[in-house]
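Here is a friendly note to read alongside the model. Keep the structure open and find each element as you go.

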Amino acid sequence: MALGPCSEEIQKRRVELVENWSTHLDPLLELLFNVGTVTEEDLSFIRGGGGRGERDCLRTLLDVLQGRGEEACRAFLYVLSNVLPSSAIGGAALFPQNALNEHLQKHKDILAKQHGPANYLSIARRVSRPAEVDSFTDISFTRHVGYLVPLQYQHEAAVVGDPFRAGRGEARRQGETCAFRNVYESLISASKDGVTLLSGVAGSGKTTVVRQLVQEWAADADSQKIVLSMSFRELNLITEPQSLQGLISDHYSNLKPILPDLMTSNQSQILLILDGLDEFCFPLDFDRTPKCSDTERELSVGALVVNLIKGNLLPGAAILLTSRPHAVTKVPQLLVRQFYSVLGFSPAQQRQYFEQNCSSSQAAVAVWNFVSSHRPLQLMCHIPAFCWIVSTALHDGTSCLFSDTALISAASQESRSGCIENVSGDKCYDQSLSEPNTWVANSLTAQSCSRSVTVTEIYCCFLKSIVVFHVGGCVEGMHLNRLQDAPRVLKENRAKLRSLGALAFRGLVERRFLFDLSDLDSFSLESCKLSRAFMVEILKEDKASLTYEKSFHFIHTSVQEFLAALYYVLESFSGSDPFSGLKPKVGLLPPAMHKHLVTFVNKLRQPQHLLRRRVKKALHCGESHQSGHMDLFCRFVSGLLVPKTRFILDGLFCGEPRPRLPSCVPLPSTPFPFVLQLLRSQLHSSSLSPERQLNVCHCLYEAQDPELSLRLQRWLKILSQQTSGQCDSVNRDWSELAFLLQLSPDLQQLNLDAQGLDAEGLRRLLPVLPLFSTLSVAQNPLGPEGAEVLSAALQSPDCQIERLWVVSTGLGCEGLKILTKGLKDNHTVFDLRMAINNIGDVGAASLAELLKTNRTLRDIRLRDNLVTDRGAELLMEALMENTTLQYLWLFDNKLSKECVQWLKEFSKSRSNLDIKVCY
């Protein structure tokens, strides 16, 4: 049956009608009912019992009209063109501007309050500094178009600080460095739509960036953006289908009166922030999820997110997603307009953080000097959350690291001041001992370089500081007095810490970082009975605005990993199986009786044998999880097996010696011999990937293996052989060498000649390349890719390279061009040897451009590089401007006799320049 003209027009304009008129559904239906076009039965059918959205209702109306025929369609179009604009649009669509502004200002106030700056140290310090509590320490970012796929086989902490070490040389790979202001302007000031992805490791400051962005937007009276912020943690709690408009309405009930207008006419002004993509537990299927552009249609939460990211819902809006690196690939690269990486703190920003968050300038200087003198700590301090952990640990728990020296020093001070502690417990101390700032400064200054400090020791001091100084409340008291009382306090909190550790361990095994009340109940943890310090500084409580249900997460994933390791070691020492408490037992005996029976049987066995089995199982967990998410856990387990490290938490471990002065009973500084044997056997395993092997090195460092220096000596012996044919067996170990070299700051020369080292191997060594005065990588197949790594090392702020020898490395003209970019702003290299690299005249031209501006180079050797008269001419033109180069070696190049003569005469005309050349 042929359609009439009105029916055809409705069919053609169907999408437009649904898009533009669904918000005026009620007045439209009322008018059509009044003129007799639809009946009461039609109205009931169209509304669907109230379960349909406005768009679905309008689609049903159009179907009903087309079923009624041409007359009904004509009446509908007449109502749209003649009646509705004056009655419906004028009365229902236009929201008074002053009322709209009032709602938006209220929305700004609400968001600003919800996203107030969360200062980790606000309850940790006994001296409040109101002027700086709310301040944000600036952090660094890089910006890309699209995103880079991260390595999937290493713990994200392994790449911390790489961009700072790389400098500007890897700009094309690392991206353009920028500050927070650039991020703010691109999201708030610019009128661009599409998806922006913000990536950073745990604790790098992603959520803090969101808080700062909301704060500055709320304070900006001229901003036309409308910011809506939600977390994926909250979205995880939605189990029923939900419409986008309903979701936002539930989250921001203050916007209900103006929400329909925002969803239709102001989409380009919306910035939707979705924080924590890595925590989203629902699948994102970008290929098979049905397209939906109706903000009132109910969808699963996964389908909602997919349609938002693809631009089907709120097509003109800007969307900001935050995520940890391993989850960025959940979003197809083509859908990401721009990508920011949160780099964290540069060394200067680390220092600024300590100045802002320590209770005195004296303590801040002492903490910074200590951190900067221990390279592993400074590397971890690129993560802002770790800065807080270090600051807390060093401020209150410094003496834990050097307890023997500290307590003896304190005793001598007591004696000198005539204040002796008697048997009855009466105490009298020198005033300086009650001042934590003086205590911190003196301890750190005296001991900062006495020995290396492990990350496990820092976390032990952090936990001790929380329990001893914060859990009982920040009571004014003598610093040393409270430290001496620490064993009793730790023992009293042992059960609570064990339960927290069990919760952390189960979450780590199941790869869960968010817990609810039922999880806490299963480990006999009641949130109402946990002290404020535990709830703020270890386990953080959130109340989801969508469901009003409480959820919990550890303040930082590394804190969860440390508590999990602490639980594992405590259970292993007690003879229990750490895995036994994770899943309910099914058997003839009740779970409690079954556990007691297992513990009793285990005690009948040899404790050493049981402990060995537990440790082996823990290390196997790290080896079998190729994703690397158990790496830190294994490091902490290794560190906690050292008696001297466990003594920091004296009171938690039953049966440990607790001398009054540790110097009276020296504690072993290494773990049980079998621990080191297990780790060393893992290190030599042929099936171990380079990333897992590097983590084993970290475990050996945490276990304070005395043979690490011997392993470095063996490496140096291998390197001294310079036999490229025998290097294949060690080619995968470059990450291990980089780790070992970081522990030996006294080495000045790194000779990697003829080791079969390729560009990827050189990239693994990048963290240490800038630290040597002489760097020789001759006779290795580096190519242009290797030149990029060398360029990055040359532009590192830490660069100390004075002699760079890259003889016969296959650079070519392209590689030399890349290398000269690295040398352009370098002010350390004065000796450059690059014979046999086939640079030709093109490479000579790049070097000539460098010499016009570089005033550091003194000696350049270009033997056998296919340079002709044209290349030599370009070099001489550059030397007309450069008066600092002293030696230029051009032996065995393709130079004519006339050119050689010309070069010699030019050399004679310059008293400080020697050009070495022959026919």
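1. Let's begin with a pair of residues: Ser140 has Gly344, in strand β7, as its bridge partner. Strands β1 (residues 140-144) and β7 (residues 336-344) pair in the antiparallel sense over five bridges. Two strands count as paired if DSSP finds at least two bridges between them. Helices (H or I, at least four residues) and strands (E, at least two) are DSSP runs, numbered from the N terminus.

2. Before going further, a word on the source: this is a predicted model, in which local features need pLDDT of at least 70 and side-chain atom pairs count only at pLDDT 80 or more, while totals for chains, interfaces and linings use all residues. Residues are numbered from 1 along each chain as its sequence is written, and side-chain values use heavy atoms, with hydrogens and water left out.

3. Back to β1, which is also joined to strand β2 (residues 176-178) by three bridges, and these two run antiparallel. Look for Arg143, whose bridge partner in β2 is Glu176. Four of the five residues of β1 are buried, so the strand is largely enclosed by the rest of the structure. Buried means under 20% relative accessible area, exposed over 50%, and partly exposed in between (1.4 Å probe, protein chains only).

4. Now try strand β5 (residues 270-275): six of its six residues are buried, so β5 is largely enclosed by the rest of the structure. On one side sit Ile270, Leu272 and Leu274, and on the other Leu271, Ile273 and Asp275.

5. Which strands pair with β5? Strand β4 (residues 226-231) runs parallel to β5, joined by six bridges, and Ser231 stands opposite Asp275. Strand β6 (residues 318-323) also pairs with β5 in the parallel sense, over four bridges; there, Ala318 is the bridge partner of Leu271.

6. Buried residues in α5 include Arg55, Cys57 and Leu58. After the helix comes Gly69, with a positive phi near 110 degrees.

7. Finally, see where two helices meet: Phe180, Arg181, Tyr184, Leu187 and Ile188 in α11 contact Val209, Gln212, Leu213, Glu216 and Trp217 in α12. Contact means heavy atoms within 4.5 Å.
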